[in-house]
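Here are a few exercises to work through with the structure open in your viewer. Try each task before reading its solution.

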Amino acid sequence: QVQLVESGGGLVQAGGSLRLSCKASGNIFSINDRGWYRQAPGQQRELVARVTSSGNTNYADSVKGRFTISRDNAKNTVTVVLQMNSLKPEDTAVYYCNAKTRYNADYWGQGTQVTVSS
């Protein structure tokens, strides 16, 4: 089992920045990829950014150049951070932290609201 605890999020004006953090605990040695997804009202959940265990990253086209994902493999925890700059109203959504294990299991955080006002 993997537990994910998110922090960050909130309300910001367009052009501003926010930082989301997600700490994993439990069976962290089974984790391969980490990522952030988001879901806006009436929309499907979509991938925002992902980082693999080897450090490779990929981003949704809509956030390239504005968002940066990073991970910190500290002892007993794996923290992934999503730095979001130049935020736009269309970035408004609930953001979910994700962990994928080598057993193809998906774990999710509780979600954190990001609201960007125009």
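**Exercise 1.** In this predicted model, find which residues tyrosine 95 is in contact with, leaving aside its neighbours within four places in sequence.

*Solution.* Start with a heavy-atom cut-off of 4.5 Å. Skip the neighbours within four places in sequence, and tyrosine 95 is left with Glu6, Leu20, Trp36, Tyr37, Arg38, Val48, Phe67, Leu82, Met84, Gly111, Thr112 and Val114. Next, look at the core: Tyr95 is listed among the residues with the most contacts inside the largest nonpolar core, along with Leu4, Trp36, Val48, Phe67, Leu82 and Met84.

**Exercise 2.** How many residues does the largest nonpolar core have, and which elements give two or more residues to this core?

*Solution.* The count for the largest nonpolar core is 29 residues. Now sort them by element: two or more come from each of strands E1 (2–7), E3 (18–26), E4 (31–39), E5 (46–51), E7 (67–72), E8 (78–84), E9 (93–101) and E11 (112–117). As background, nonpolar side chains in soluble globular proteins tend to be buried together.

**Exercise 3.** Track down any disulfide and work out its handedness.

*Solution.* Search for cysteine sulfur pairs within 2.5 Å; the count comes to one disulfide. The partners are cysteine 22 and cysteine 97, with sulfur atoms 2.0 Å apart. Then check the torsion: at -85° about the S-S bond, the link is left-handed. Finally, accessibility: cysteine 22 and cysteine 97 are both buried.

**Exercise 4.** Which salt bridges does aspartate 91 take part in, and is aspartate 91 buried or exposed?

*Solution.* The whole structure has five salt bridges. One of them pairs arginine 38 with aspartate 91, at 3.0 Å from N to O. That pair spans 53 residues, from strand E4 to the loop between E8 and E9. Another joins arginine 66 to aspartate 91, at 2.8 Å. Arginine 66 is in the loop between strand E6 (57–59) and E7, so this pair ties together parts 25 residues apart in sequence. Salt bridges with shared partners join Arg38, Glu46, Arg66 and Asp91 into one network.

For burial, apply the cut-off of under 20% relative accessible area. Aspartate 91 comes out at 0%, so aspartate 91 is buried. Arginine 38, at 6%, is buried too, and so is arginine 66.

**Exercise 5.** Is aspartate 61, which meets lysine 64 in a salt bridge, buried or exposed?

*Solution.* The aspartate 61 and lysine 64 side chains meet at 3.1 Å, N to O. Exposed means over 50%; aspartate 61 has 63% relative accessibility, so aspartate 61 counts as exposed.

Key. Residues numbered from 1 in each chain as written. Predicted model: local features only at pLDDT ≥ 70, side-chain atom pairs only at ≥ 80, totals over all residues. Heavy atoms only, no water. Core = buried A, V, L, I, M, F, W, Y, C linked by side-chain atoms within 4.5 Å. Buried < 20%, exposed > 50% of the residue type's maximum accessible area, 1.4 Å probe, protein only. Helix = DSSP H or I, 4+ residues; strand = E, 2+ residues; numbered from the N terminus. Salt bridge = Lys/Arg side-chain N within 4 Å of Asp/Glu carboxyl O.
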